[in-house]
Amino acid sequence: MKFRIVPSTLDGRRQLLTSYLINDSLAIDAGSLAIGLTPEEQLKIRSIVITHAHLDHVFSLPLMVTDLFEELREPINVYATPSDFEAIQQHLLTPRVWITLETMKNSHTKLIAYHPIKSAESFFAEGLKITPITVTHTVLTHGLLVEDDHSALLFTSDTGATDRIWQLAEECDKLQAVFIDLSFPNRLTDLARVSCHHSPATLLEELPKIKSGVPVYAVHLKAMYQHQVATEIASLNHPRIQIAEVGREYEF
Ligand SMILES: [Zn+2]
Ligand SMILES: [Zn+2]
């Protein structure tokens, strides 16, 4: 399985908005898809799974879909909970802010096909089995276990200390990597706790719950604190924890 973090800042190295690309055709979240990818790369994305409707995870969805307006011959499949899709429709796809879902079509197709998802109910998209599991965030948020025949990757999305997703990880023999929220530096650990994210300190508390032997990649480093967080992780020198590089293509 191929994986990369889609860039969202001018230097291409910090993660202001959240989007992950798997095998070129599946995106997890739509924060930066219209920003960090070429039009050709965007056109290859056939399905997008939304973990929650926070702005950094959905920001560029309306822009991407309308940018591709002329090129699309089939709709982009958007997988989200009904409440998240309703939030996108009510707050982004409105005439005051952009255009409505109903008007998103060209002469060939509607531009978005919506597919509702439910906690703990697996579905298939782009040849991958995807299982959404609720995590611990300020709004209902789903981490995702993404599996092909040979490997599996687990994405926590935005979360603080949590449990159910680690049980799922424990049961997955082909799990290759965990991608976990690491938003704040240690001096903001209190903020990390109340906003349901992680700092290096809370990540270390969480680590014993994460299936042993599986590498843990930190993602979602807030752009302003990236260097602080990276320095703190480097000083831990922990064999299991590394920071995932934005823009680098990983193969699992
Ligand atoms: Zn969030
Ligand atoms: Zn976020």
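## Lys 129 and its partner

Start with Lys 129: its bridge partner in β9 is Glu 147. Six bridges tie strand β8 (residues 128-134) to β9, and the two run antiparallel. Strands pair when DSSP finds at least two bridges between them. Strands here are DSSP runs (E, at least two residues), helices are runs of H or I with at least four, and numbering goes from the N terminus.

This is a predicted model, where local features need pLDDT of at least 70, side-chain atom pairs count only at pLDDT 80 or more, and totals for chains, interfaces and linings use all residues. Residues are numbered from 1 along each chain as its sequence is written, while chains are lettered from A and ligands numbered from 1 in the order in which they are written.

On to β10 (residues 152-155), which is antiparallel to β9 and joined to it by four bridges. Leu 145 has Leu 154 as its bridge partner in β10. β9 and β10 make a hairpin, with four residues between them.

## How covered is β9?

Six of the six residues in β9 (residues 142-147) are buried, meaning 20 or more other C-beta atoms, placed from the backbone, lie within 10 Å of the residue's own. One face has His 142, Leu 144 and Val 146, the other Gly 143, Leu 145 and Glu 147, and both are covered.

## The whole protein

Zooming out, there are nine helices and 14 strands. Of the 252 residues, 44% count as buried. The C-alpha atoms fill a box of roughly 55 × 35 × 30 Å along the principal axes.

Notes. Buried ≥ 20, exposed ≤ 12 C-beta atoms within 10 Å, placed from the backbone.
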